[in-house]
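Q: Hi, could you walk me through this structure? I'd like to go residue by residue where that helps.
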Amino acid sequence: MHLSRFLLTALAIALPGMASALDFRSAGEVAVLYDAPSTKGKKLWIIARGTPVEVVISLDKWVKVRDASGTIAWIERASLADQRTVIVTAATAEVRQAANASSPLVFSAVKDVVLNVLDNPNTGWIKVKHRDGSTGYIRASDVWGG
C-alpha cells in the first residue's frame with residue numbers, strides 16, 4: 001500500500017517535468033548563460049539572438065535550458081522570446097515548397113543556420129522561414145528545436 005502511494009506520488013512529480021521537456025523557445029536577444037539561476041553565478045557562454053533552447057525548468061525570473069549540443073545552463077526569462085526557431089543539424093537540409101520530398105526545392109540550408117518556425121504539424125516536416133523571407137518545409141529530422 002505504501003509503495004503504491006509512493007509510486008503515484010513520484011509519477012505525479014515527474015510528469016510536469018517531462019511535459020516541459022518538449023517546450024522550445026528561442027533567445028530574444030544576445031544573452032549570457034549561467035551555471036546557476038543568478039547573475040552572480042559563473043558565466044558559461046553567450047548565445048545569439050534566435051538560438052533555439054529547450055526549457056527544462058522554469059522559475060520566477062530564470063529558466064534552465066538545454067541547447068542543441070545537450071549542454072544545460074540558466075538564462076534570464078526576460079531574454080527568451082515566444083518566437084520558435086530551429087537550428088539545422090544536418091550538413092545540408094533541403095527546404096521544399098510542400099511537406100514532401102518530391103516537392104520543388106525552395107532553398108538549402110547548411111548546418112547551424114537558424115530558421116523561424118511558422119508551423120509544426122508533427123508530420124515529420126516543419127514549415128520554416130529564412131531571414132531573407134523564403135519559406136518552405138524542412139524535415140524535422142534535419143533540425144533541432146522544433
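Q: Thanks! Which residues does arginine 96 touch, not counting residues up to four places away in sequence?
A: Arginine 96 touches Ala101, Ser103, Pro104, Leu105, Val106, Trp125, Gly136 and Tyr137. Contact here means heavy atoms within 4.5 Å. One caution: this is a predicted model, where local features need pLDDT of at least 70, side-chain atom pairs count only at pLDDT 80 or more, and totals for chains, interfaces and linings use all residues. Residues are numbered from 1 along each chain as its sequence is written, and side-chain values use heavy atoms, with hydrogens and water left out.

Q: Is arginine 96 buried or exposed?
A: Arginine 96 is buried, with a relative accessible area of 14%. Buried means under 20% relative accessible area, exposed over 50%, and partly exposed in between (1.4 Å probe, protein chains only).

Q: And where does arginine 96 lie?
A: In strand E9, residues 92–96. Strands (E, at least two residues) and helices (H or I, at least four) are DSSP runs, numbered from the N terminus.

Q: Switching to the core: which residues are in the largest nonpolar core?
A: That core has 12 residues: Val86, Val88, Ala93, Val95, Phe107, Ala109, Leu115, Val117, Ile126, Val128, Ile138 and Val143. A nonpolar core is a set of buried Ala, Val, Leu, Ile, Met, Phe, Trp, Tyr and Cys residues joined through side-chain atoms within 4.5 Å.

Q: Which elements give two or more residues to this core?
A: Strand E8 (85–88), E9, strand E10 (105–110), E11 and strand E12 (125–129). There is also a second, separate core of 11 residues, which includes Ala31, Leu33, Ile47 and Val65.

Q: What is valine 143 in contact with, leaving aside its neighbours within four places in sequence?
A: Valine 143 contacts Val86, Ile87, Val88, Thr89, Ile126 and Ile138.

Q: Now aromatics. How many aromatic pairs does a search of the whole structure find?
A: The search gives 2. In one, the ring centres of phenylalanine 24 and tryptophan 144 are 5.2 Å apart and the planes are at 90°, so the pair is edge-to-face. Rings of Phe, Tyr and Trp (its six-membered ring) pair if their centres lie within 6.5 Å; planes under 30 degrees apart count as stacked, over 60 as edge-to-face and the rest as tilted.

Q: Where do phenylalanine 24 and tryptophan 144 sit in the chain?
A: Phenylalanine 24 is in strand E1 (residues 23–27) and tryptophan 144 in strand E14 (residues 143–144), 120 residues apart. Both residues are buried.

Q: What about tyrosine 34 and tryptophan 62?
A: Their ring centres are 5.5 Å apart with planes at 85°, so this pair is edge-to-face. Tyrosine 34 belongs to strand E2 (residues 31–34) and tryptophan 62 to strand E5 (residues 62–66), 28 residues apart. Tyrosine 34 and tryptophan 62 are buried.
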